[in-house]
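Here are some notes for a first look at this model. Keep the structure open as you read.

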Amino acid sequence: MKFLAKTISLSLALTLLFSACKKEELSSSQWGELAEAKRKEMLALSTNIPCNQKQNVTVQTLQLNCSMQFFPVLSADLQKYEKLKKEYLAFVSKQFEAFNKEGLIVELCFESLWATDQQIRIDCKDDKVQLITAENLPVEEAKSMIPTVKSQIDNLIAALNCTNNANWSFTRLINHQTMSFDYIPYAATSDYKELKAKVSLYNRLNLNVIKAEQKGSTFTNIKTVEKIECENGKPVIKFTN
């Protein structure tokens, strides 16, 4: 009976101990470590996929705040990927809750420049599947794509109609040749997903070239936008002197 009593007491002590651990709140950095561990598991699914399996690969995207992550995943691993993704996002959510409790202010997404990386194609390197994006595209290929994407952006801007000065905003285009910015308007209250994707691709391609040619990070032609007005049915950006 004494042995039984000791066993019950030990069991109760362990239960109370684990219960106390469960009630202990994790810090934002601890939640962040758990999230990063899950992200690495997701990356492991995308690593060392044989090139002869390329036709069985789909690219899964994960957008978190302003960043976009890409995961080439075999069809057979999709369920596992979705499980890991769900767990990863849950840990990230807990991390942000902890940020708030710790009194930390975290800007979820403030894009001063649209430059989210964009998927280009699935390729092979060293007999392994490799995802090619605007960021890691060979520089000469990036250069050749820039004029085409710029033409697509110009067509989208030319199609804009302006009847009200309100609800207009602007974004910037990088020019790797002049190391300067161009400014374009867009309707903040309309669906501008297509424009944003094209601008992000264009800017990321230009950043690719700038990095490859080691041009630095100093840009000219930085202006302050005063307002956007309708002129002859088109939005026109006005700058401060």
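Bear in mind throughout that the model is predicted.

1. **Main core.** The largest nonpolar core holds 31 residues. Five of them touch the most other members: Ile153, Ile184, Leu195, Val199 and Leu205. At least two residues of this core come from each of α4 (139–158), β5 (168–175), β6 (180–187), α5 (193–212) and β7 (225–231). The top contributor is α5, with 7 residues. In soluble globular proteins, nonpolar side chains tend to be buried together.

2. Start with Ile153. Setting aside neighbours within four places in sequence, Ile153 is in contact with Leu173, Ile184, Leu195, Lys198, Val199 and Tyr202. Another core lies apart from the largest one. This other core has 16 residues, among them Tyr81, Leu84, Ala98 and Phe99.

3. **Helix α3.** The buried residues of α3 are Tyr81, Leu84, Tyr88, Phe91, Val92, Gln95, Phe96, Ala98 and Phe99. An α-helix has 3.6 residues a turn, so residues three or four places apart point the same way. The buried residues of α3 pack against α2 (28–46), β1 (57–64) and β2 (67–74).

4. **The α4 and α5 pair.** Two packed helices are described by the angle between their axes and the distance between the axes. For α4 and α5, the angle is about 150 degrees and the axes are 9 Å apart. Angles over 145 degrees count as roughly antiparallel, so α4 and α5 are roughly antiparallel to each other. Their crossing is left-handed. On the α4 side, the residues that meet α5 include Val139, Ala142, Met145, Ile146, Val149 and Ile153. On the α5 side, those that meet α4 include Leu195, Val199, Tyr202, Leu205 and Val209.

5. **Thr133.** Is Thr133 buried or exposed? Its relative accessibility is 6%, so Thr133 counts as buried; the cut-off is under 20%. Thr133 sits in strand β4, residues 128–133. Beyond its neighbours within four places in sequence, Thr133 is in contact with Phe70, Asp117, Gln118, Gln119 and Ile120.

Note on methods:
Residues are numbered from 1 along each chain as its sequence is written. This is a predicted model: local features need pLDDT of at least 70, side-chain atom pairs count only at pLDDT 80 or more; totals for chains, interfaces and linings use all residues. Side-chain values use heavy atoms; hydrogens and water are left out. A nonpolar core is a set of buried Ala, Val, Leu, Ile, Met, Phe, Trp, Tyr and Cys residues joined through side-chain atoms within 4.5 Å. Buried means under 20% relative accessible area, exposed over 50%, partly exposed in between (1.4 Å probe, protein chains only). Helices (H or I, at least four residues) and strands (E, at least two) are DSSP runs, numbered from the N terminus. Contact means heavy atoms within 4.5 Å. Axes are lines fitted to C-alpha atoms, for helices over the stretch in contact, and angles run from 0 to 180 degrees between N-to-C directions. Angles under 35 degrees count as roughly parallel, over 145 as roughly antiparallel, 65 to 115 as roughly perpendicular and the rest as oblique. A crossing is left-handed if the near helix is turned anticlockwise from the far one by less than a right angle, and right-handed if clockwise.
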